[in-house]
Every structure is written in C-alpha cells, then in structure tokens.
Amino acid sequence: MINRLDQAIEKKNEPELQACIAALFNQTEQIDKAYYPKIERLLFEKWHHEHEDIVGLIWLKELKDNRFIEPIMLIAQQREIYRLYDDELESALRKCVHVLKSIASELSNSAVKKLLDTGNENVKYALENYRWNSTPC
C-alpha cells in the first residue's frame with residue numbers, strides 16, 4: 001500500500017490518491033508511522049483536492065503527531081488554496097480543529113487558540129462540539 005501511495009504522489013495522480021485514502025480509512029489496523037511523512041507532505045501539496053479527507057483520516061485514525069500541526073494550520077487559514085469546496089459550515093476547518101484538539105500537545109493547543117482568536121464561528125462551534133463529545137457520561 002505504501003508503494004501505491006508513493007506512486008500516486010510521484011505521478012500526482014488524484015484518482016489513485018483517492019483510492020489510497022479510501023484504503024487507509026478501511027484498514028482495521030492502526031496506520032503505520034511510516035505513512036506519516038507522506039501524509040504530512042500531502043497536506044502541504046496543492047495539486048490535489050483531498051485535504052479534507054486527509055485531515056479526516058488523521059482525526060478518525062487518531063494519528064497524533066506534532067508534524068501535522070503546521071500543514072493543518074495552513075489548511076485552516078488558507079481557505080482559497082486548501083479548502084475550495086468548504087461551504088459556510090466549513091467542515092474541513094472544523095475537522096482541522098478536531099485534529100488539533102486530539103493531538104493535545106502544547107503546540108496543538110496553541111494552534112487552536114490562534115484559530116479561536118480569529119473569531120470564526122465555525123471554530124467556536126467545533127470547540128463546543130468537541131467539548132460536548134469529550135464529556136464523560
């Protein structure tokens with residue numbers, strides 16, 4: 001699988017990248033850390049439109065690593081480049097907030113504060129949703 005992902009990146013093949021992301025979502029075991037540099041690179045890349053899905057993959061597969069903070073902040077802050085398909089609900093931005101909160105490091109918490117300081121209502125909503133979903137029963 002990792003070779004297939006390398007090929008998709010090398011050839012800038014978006015349909016193949018989509019297939020790789022889907023396969024990673026569907027695998028039952030934890031994603032190997034060997035994928036982390038490739039995922040980080042894909043977050044920065046501008047040749048594809050899969051940023052929201054990649055952020056979702058990081059969140060749902062609980063890939064907690066500070067290496068993802070910088071590119072996730074770029075995605076969150078540069079809508080016109082990385083979030084072309086975000087509507088007024090900004091689902092990709094909300095996923096960015098959830099990933100940053102789930103990383104739960106000093107650096108990621110600082111990034112969340114920076115996003116919160118923008119006054120964006122979707123950031124506030126994501127944080128409220130995060131708190132609600134994190135409250136023990």
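1. Is lysine 95 buried, partly exposed or exposed? Lysine 95 counts as partly exposed, because its relative accessibility is 23% and the buried class ends under 20%. The model discussed here is a predicted one.

2. The partner of lysine 95 is glutamate 52; their side chains form a salt bridge with an N to O distance of 3.0 Å. This pair links distant parts of the chain, with glutamate 52 in helix α4 and lysine 95 in helix α7 (residues 91–103), 43 residues apart. Glutamate 52 is also partly exposed, since its relative accessible area is 24%.

3. Salt bridges in the structure number ten. One of them joins arginine 4 to glutamate 16, where the closest N and O atoms are 2.3 Å apart. Arginine 4 belongs to helix α1 (residues 2–11) and glutamate 16 to helix α2 (residues 14–26), so this bridge ties together parts twelve residues apart in sequence. Arginine 4 is partly exposed at 36% relative accessibility, and glutamate 16 is partly exposed at 22%.

4. A further salt bridge is made by the side chains of arginine 79 and glutamate 90, at 3.2 Å from N to O. Here the linked parts are helix α6 (residues 79–82), which holds arginine 79, and the loop between α6 and α7, which holds glutamate 90; the two residues are eleven apart. Arginine 79 is partly exposed, with a relative accessible area of 31%, whereas glutamate 90 is buried, with 7%. Both residues belong to a network of salt bridges that links Arg79, Arg83, Asp86 and Glu90.

5. Next, the contact between two helices. The axes of helix α3 (residues 36–44) and α4 come within 9 Å and cross at roughly 145°. This crossing is left-handed. On the α3 side the contact is made by Ile39, Leu42 and Leu43, and on the α4 side by His51, Ile54, Val55, Leu57 and Ile58. By class, these residues divide into seven nonpolar, one polar and no charged.

6. Why does histidine 51 count as buried? Its relative accessibility is 2%, and buried means under 20%. Leaving aside residues up to four places away in sequence, histidine 51 touches Leu42, Leu43, Glu45, Ile75 and Tyr82. Between histidine 51 and isoleucine 72 the C-alpha to C-alpha distance is 9.0 Å, with 21 residues separating them in sequence.

7. How many aromatic pairs does the structure hold? There is one. Tyrosine 36 and phenylalanine 68 form this pair, with the ring centres 5.4 Å apart and 55° between the planes, and the arrangement is tilted. Tyrosine 36 lies in helix α3 and phenylalanine 68 in the loop between α4 and α5 (69–77), so the pair ties together parts that are 32 residues apart in sequence. Tyrosine 36 is buried, with a relative accessible area of 3%. Phenylalanine 68 is buried as well, with 0%.

Terms used. Residues numbered from 1 in each chain as written. Predicted model: local features only at pLDDT ≥ 70, side-chain atom pairs only at ≥ 80, totals over all residues. Heavy atoms only, no water. Buried < 20%, exposed > 50% of the residue type's maximum accessible area, 1.4 Å probe, protein only. Contact = heavy atoms within 4.5 Å. Axes fitted to C-alpha atoms, helices over the stretch in contact; angles between N-to-C directions. Helix = DSSP H or I, 4+ residues; strand = E, 2+ residues; numbered from the N terminus. Left-handed = near helix turned anticlockwise from the far one by under 90°. Nonpolar A, V, L, I, M, F, W, Y, C, P; charged D, E, K, R; others polar. Phe/Tyr/Trp six-rings, centres within 6.5 Å; stacked < 30°, edge-to-face > 60°. Salt bridge = Lys/Arg side-chain N within 4 Å of Asp/Glu carboxyl O.
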